[in-house]
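Colleague: I have a structure open and some questions about it. Can we go through the parts in turn?

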Amino acid sequence: MPDALNVAKTGLNAQQARMSVISNNLANVNTIGFKRDRANFETLLYQDLREVGAQTSENTQLPTGLAIGTGVRIVSSEKLHSQGSIINTDNSLDMTIDGAGFFQVLMPDGQIAYTRAGNFTKSSTGQIVSANGYSLEPAITIPENASSITISRDGIVSVGIPGQTEPQVVGNIEIASFPNNGGLKPLSENMLAATGASGAPIVGAPGANGQGKLMQGALEASNVNVVEELVNMIETQRAYEVNSKAISAVDNMQKFLTQNV
Amino acid sequence: MDRISQISLNTMRLLSDNQKITAANLANLNTIGFRRDVNTAIGSAFLIDPKSYEDRVFARRGAAGVDTTVSNLISTDRPLDVAISGSGFMVATNQKGEKILTRRGDMAVRADGKLKLGDETLVQGGGGDLTIPPHEKIEIGQDGTISYKPVGAEGNTLLVAGRIDLINIPANNVVRGLDGFLRPKDGRFPANDATIKIVSNSLETSNVDAVESMVEIIQTQRSYEMQIKLIKTAQDLDDQTSKLMRSSS
C-alpha cells in the first residue's frame with residue numbers, strides 16, 4: 001500500500017520540478033536573448049506482477065499481463081531555440097542575430113561561452129564587451145576618437161574617425177552555430193557552453209553558411225510566451241493537486257485500517 | 001475461527017495494486033504521449049457448479065492493459081514537435097536498440113545528427129535510425145517525410161532525410177514492457193501504414209483523465225474500507241462466540 005504513496009510522490013516531485021522550470025522562464029521574460037526551457041517527462045520502470053502469456057492451466061495462457069508503473073521523472077530540460085521578437089534600440093553596439101547562431105564571448109576562465117544576448121558595450125580600453133564585461137570573441141577595439149560605429153549585416157565593424165572621409169574597418173564579428181542547439185549547456189549570466197551533445201561550433205561570418213545575419217541597433221527579446229507559461233503553470237498546478245489527492249486517499253485508507261481493525 | 005478475513009485481505013491486496021496503477025497514471029498526467037494503464041478487473045477465482053454450495057471464493061486479478069485512446073493535441077510552434085493524428089504509432093529504438101512503439105513526438109537532433117525523442121529513444125525511418133545532416137531548417141510533412149535545407153544552400157533547396165516509420169497496430173496487440181515502453185504483443189512490427197497522418201508543431205498530451213482517475217481512487221478507497229469493515233465484522237463475530245463460550249462455562 002505505501003507503494004501507491006511513493007508513486008504519487010514521484011508525480012509531486014516531477015510537477016514541482018516543472019514548476020521551477022516555468023517560474024524560471026517567467027522570471028526571465030525580460031532577459032535579452034533568453035531562450036525558454038521545457039521539462040521532458042518520462043515514465044519510470046514497471047513492476048511485473050503477472051507475465052503476459054504465462055500458463056494459467058496446461059492448455060491456456062494469460063491473455064494480458066499486469067505490469068504496474070512506479071511513477072514519473074523529469075528526464076531532461078531542453079532549451080527551445082526559437083527566435084525571440086526584435087526590439088529596436090538605436091544603440092550602435094546593440095546587436096541581434098536574425099536566424100541561427102550565437103555570439104562568442106571569452107569568459108574569465110579562458111573558455112568561450114555562447115550567447116544570444118546582443119547588448120554589448122565598450123570597456124574602458126574601448127574593447128567590445130558583453131553586459132557583464134566579458135570580451136566579444138574575436139576581440140574588437142573601437143578607437144577612442146571614433147565618432148560613429150557601423151556594423152554590417154555580415155559582421156564588419158567600421159568606425160568613423162573625425163577628419164577622415166572613409167570609414168575605418170576595425171574588425172569582423174564571427175558567430176557560431178551548432179549541429180544540435182538543444183545540447184548546449186546553460187551557464188549563468190545568460191551564457192551557454194558547448195558540450196559533447198551540442199557538437200563542435202561552426203564559426204563563420206554572419207550570413208554565410210546558414211548563419212543568421214546581424215542587425216545593428218536592435219535586441220532580441222526573450223522567447224518566453226507569458227500566456228503559454230501561465231497555461232503550463234495551471235496545468236502543472238492541477239497535476240500537482242490530483243497527485244496530492246492520491247496521497248491523501250491512500251492516507252485515508254491507512255487511517256481507516258488502523259482505526260477499525 | 002472463520003476465514004472471512006482471509007478473503008477480505010486478498011481483495012485488499014488487489015485493491016492496493018489498483019490504487020498504485022491509478023497513482024502511476026496520475027503521476028504521468030503531463031508526460032507527453034503517455035498511454036494510461038487500465039486498472040485490473042477483479043474476477044472470481046473459479047466457476048462454481050450451480051448445484052454445489054461454495055461460500056469461500058477468493059477474488060483474483062483479471063485482465064489489465066494499456067488504453068490506446070487518442071488524446072488531445074497542443075500547439076507548441078516548434079517544427080520538430082509532431083503528433084500522430086488518429087490512431088497509430090511511431091517506431092523508435094530504446095537505449096538497448098530494441099524497437100518500441102511510441103506516441104511521443106518531441107523530437108530533437110543529437111550531436112551525431114540522429115533524431116531522438118524526449119525520452120532519449122531514437123526515431124526510426126526506413127528500418128534504421130533517422131539521421132539529419134547539418135541543416136538550417138527542418139520541415140516534416142503530413143506523411144512523416146522529413147526534409148531539410150542543408151547548411152549554406154541557396155534559396156529553397158530542400159533535401160529529403162527520410163520518412164518516419166508509422167505503423168498501425170490493433171489496441172489489443174499493444175503491451176507495456178517493464179521498461180515502460182510499448183511493444184506489439186506478438187513482437188511483430190507490421191509494414192508502414194501510409195494512411196497515418198502526422199501534425200507538426202504540435203504534441204499529443206497524456207491520455208490520463210484526471211477526473212476519471214480521481215473517481216477510480218475514491219472507488220478503490222471505498223472498496224478497501226468495505227473490506228476492512230468485513231474484517232471488523234469477522235472479528236466481532238468471533239468476539240461474540242468467545243463471549244458466549246465464557247458465560248456458559
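Modeller: Start with the chains: 55 residues of chain B are in contact with 61 residues of chain A. Two residues count as in contact if their C-beta atoms, placed from the backbone, lie within 7 Å. This is a predicted model, where local features need pLDDT of at least 70 and side-chain atom pairs count only at pLDDT 80 or more, while totals for chains, interfaces and linings use all residues. Residues are numbered from 1 along each chain as its sequence is written, and chains are lettered from A and ligands numbered from 1 in the order in which they are written.

Colleague: Which elements give two or more residues to the side of chain B that touches chain A?

Modeller: Helix H1 (4–27), strand E9 (108–109), strand E17 (174–176) and helix H2 (210–248) of chain B. Helices (H or I, at least four residues) and strands (E, at least two) are DSSP runs, numbered from the N terminus.

Colleague: Which one gives the most?

Modeller: H2(B), with twelve residues.

Colleague: And how does that side of chain B divide by class?

Modeller: There are 24 nonpolar, 14 polar and 17 charged residues on it. Ala, Val, Leu, Ile, Met, Phe, Trp, Tyr, Cys and Pro count as nonpolar, Asp, Glu, Lys and Arg as charged, and the others, Gly among them, as polar.

Colleague: New topic. What are the domains of chain B?

Modeller: Domain 1 covers 4–67 + 208–248, and domain 2 covers 73–204. The bounds come from an automatic or database domain assignment. The C-alpha centres of the two domains of chain B lie 40 Å apart.

Colleague: Now sheets. What is the strand order in the open sheet of three strands in chain B?

Modeller: E13-E14-E15, with antiparallel pairing. Two strands pair if DSSP finds at least two bridges between them.

Colleague: Why is one side of E13 and of E15 in chain B left without a neighbour in the sheet?

Modeller: Strand E13 (135–140) and strand E15 (159–163) of chain B stand at the edges and have a single partner strand each, so one side of each has no neighbour in the sheet.

Colleague: Over how many bridges do E14 and E15 of chain B pair?

Modeller: Four, with E14 of chain B spanning residues 145–150. B:Ser147 stands opposite B:Val160 in E15(B).

Colleague: What about the open sheet in chain A?

Modeller: That sheet has three strands in the order E12-E13-E14, with antiparallel pairing. Strand E12 (148–151) and strand E14 (168–172) of chain A are its edge strands.
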